[in-house]
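Visitor: Could you walk me through reading a sheet, strand by strand? Put the model up and let's begin.

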Amino acid sequence: ASGWEKVKSDLYVTISGSFGESGNVYLERIGEAKFAILIHGGGMWQGYELGVIRMIEISEDKIGQILEVNSYESNEYSGICVDQGDCFDYTMSYSFIDLGREYYDLRLEWSGTYPSDWEAPFSGAPNDVVLRYSGGRYIE
C-alpha cells in the first residue's frame, strides 16, 4: 500500500476539454483562504469552436464544481458563417474582486459578435456581469 487515502473526489475534471485533452488548468484564489481549479477547455466541432470554463473548489471542507460557463464561441474559422449569414466570434474573460468577504466576487466580461439565437448565460450578458458566491456556487 502507498499510504495514500482518498478523502474527497470529484469527477468534473474528467469531462473538460475534448479528444483526451483537459484544457488549460489554473489554480485560482477565490477567497482569503479559498482556492479553486479553473479548467479552460474546448474544441471545434462541425466548424463551430466552443470553449468552456469550469471552476472546481478545492477547500478543506469542500470539493465540487462551482461554475460552468461558455468562454468563447465562433463559427468564423471554417467559413461556415458565410453560408448561414450569421457570423459570430465572441470571447469571455474573468477576474476576481476582493470585497473583504469569505469568497471573492467573480467578474465576467464578454466581447465580440454573438449569434442571432444566442442565449446569454446570465441576465446581464453580454455586458459585464458580477457573480457572488452563494449556496456553494457562483450566482448572479
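This is a predicted model: local features need pLDDT of at least 70, side-chain atom pairs count only at pLDDT 80 or more; totals for chains, interfaces and linings use all residues.

Visitor: In which sense do β1 and β2 pair, and over how many bridges?

Guide: In general, strands of a sheet pair through backbone hydrogen bonds, either parallel or antiparallel. Strands here are DSSP runs (E, at least two residues), numbered from the N terminus, and two of them pair if DSSP finds at least two bridges between them. β1 (residues 24–31) and β2 (residues 34–45) are antiparallel, with seven bridges. Leu27, for example, has Ile37 of β2 as its bridge partner, and a hairpin of two residues links β1 to β2.

Visitor: How many bridges join β2 to β3?

Guide: There are 10, and β3 (residues 48–59) runs antiparallel to β2. Met44 faces Glu49 of β3 across that pairing. The hairpin between β2 and β3 has two residues between the strands, and Gln46 there takes a positive phi near 50°.

Visitor: What is the strand order of the whole sheet?

Guide: It is an open sheet of eight antiparallel strands, in the order β1-β2-β3-β4-β5-β6-β7-β8. β1 and β8 (137–139) are the edge strands, each pairing on one side only. From one strand to the next, the twist averages 30°, taken between lines fitted to C-alpha atoms, with angles from 0 to 180 degrees between N-to-C directions.

Visitor: And the side chains: is Leu27 buried or exposed?

Guide: The general idea is that in a regular strand the side chains alternate between the two faces of the sheet. As for cut-offs, buried means under 20% relative accessible area, exposed over 50%, and partly exposed in between (1.4 Å probe, protein chains only). Leu27, in strand β1, counts as exposed because its relative accessible area is 58%.

Visitor: Is Arg54 buried or exposed?

Guide: Arg54 sits in strand β3 and is buried, because its relative accessible area is 11%.

Visitor: What does the side chain of Arg54 make a polar contact with?

Guide: A polar contact is a pair of N or O atoms within 3.5 Å; within protein, one must be able to donate a hydrogen and the other to accept it, and residues adjacent in sequence count only if both atoms are side-chain atoms. Here the partner is the side chain of Glu68, at 3.3 Å.

Definitions and conventions. Residues are numbered from 1 along each chain as its sequence is written. Side-chain values use heavy atoms; hydrogens and water are left out. Helices (H or I, at least four residues) and strands (E, at least two) are DSSP runs, numbered from the N terminus.
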